[in-house]
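The entries follow the order of my look-ups.

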Amino acid sequence: SFAPPASKDFGQLGAVWPRRSVLADVASGGSRTLTLANSVEMPYVGLGTTMLEGAEGERAILEAVKDHGYRMVDTAQAYSNEAEVGRALARSGVARPELFIVTKLSEP
């Protein structure tokens, strides 16, 4: 089971690591988001999109967002699936302000 540190301050992010397991909290119907310093609510749990490519990857992303309620999507330039992620999110019908998109950039 996942066990975060007792309490950790993340400085400029303004977030404090929760005292109990995030997954246990989410699973028990507790808080599903972390409030950042700018008052934005960031989901604790997100969909990783590595290796989700082509039509099958797009379908999996669409299903996760539309049917299973994922609101954070974690992607990266190195995954080379920006088109699939974008199409799936557009087709999901979920308003952009409801989505939290995390990405990583590769070095040039």
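**Helix packing and salt bridges**

The model is predicted: local features need pLDDT of at least 70 and side-chain atom pairs pLDDT 80 or more, while totals for chains, interfaces and linings use all residues. Residues are numbered from 1 along each chain as its sequence is written, and side-chain values use heavy atoms, without hydrogens and water.

I found Arg 87 in a salt bridge with Glu 58, at 2.8 Å from N to O (a side-chain nitrogen of Lys or Arg within 4 Å of a carboxyl oxygen of Asp or Glu). This pair links helix α2 to helix α3, across 29 residues. Glu 58 is buried, at 9% relative accessible area.

I then examined the two helices (DSSP runs of H or I, at least four residues). Helix α2 spans residues 54-66 and helix α3 residues 82-92; their axes, lines fitted to C-alpha atoms over the stretch in contact, lie 8 Å apart at an angle of about 40°.

I next searched within α2. Glu 56 forms a salt bridge with Arg 59, with the closest N and O atoms 2.7 Å apart. Arg 59 also pairs with Glu 63, at 2.8 Å. Shared partners join Glu 56, Arg 59 and Glu 63 into one network.

Over the whole structure, I recorded six salt bridges.

Terms used
Axes are lines fitted to C-alpha atoms, for helices over the stretch in contact, and angles run from 0 to 180 degrees between N-to-C directions. Buried means under 20% relative accessible area, exposed over 50%, partly exposed in between (1.4 Å probe, protein chains only).
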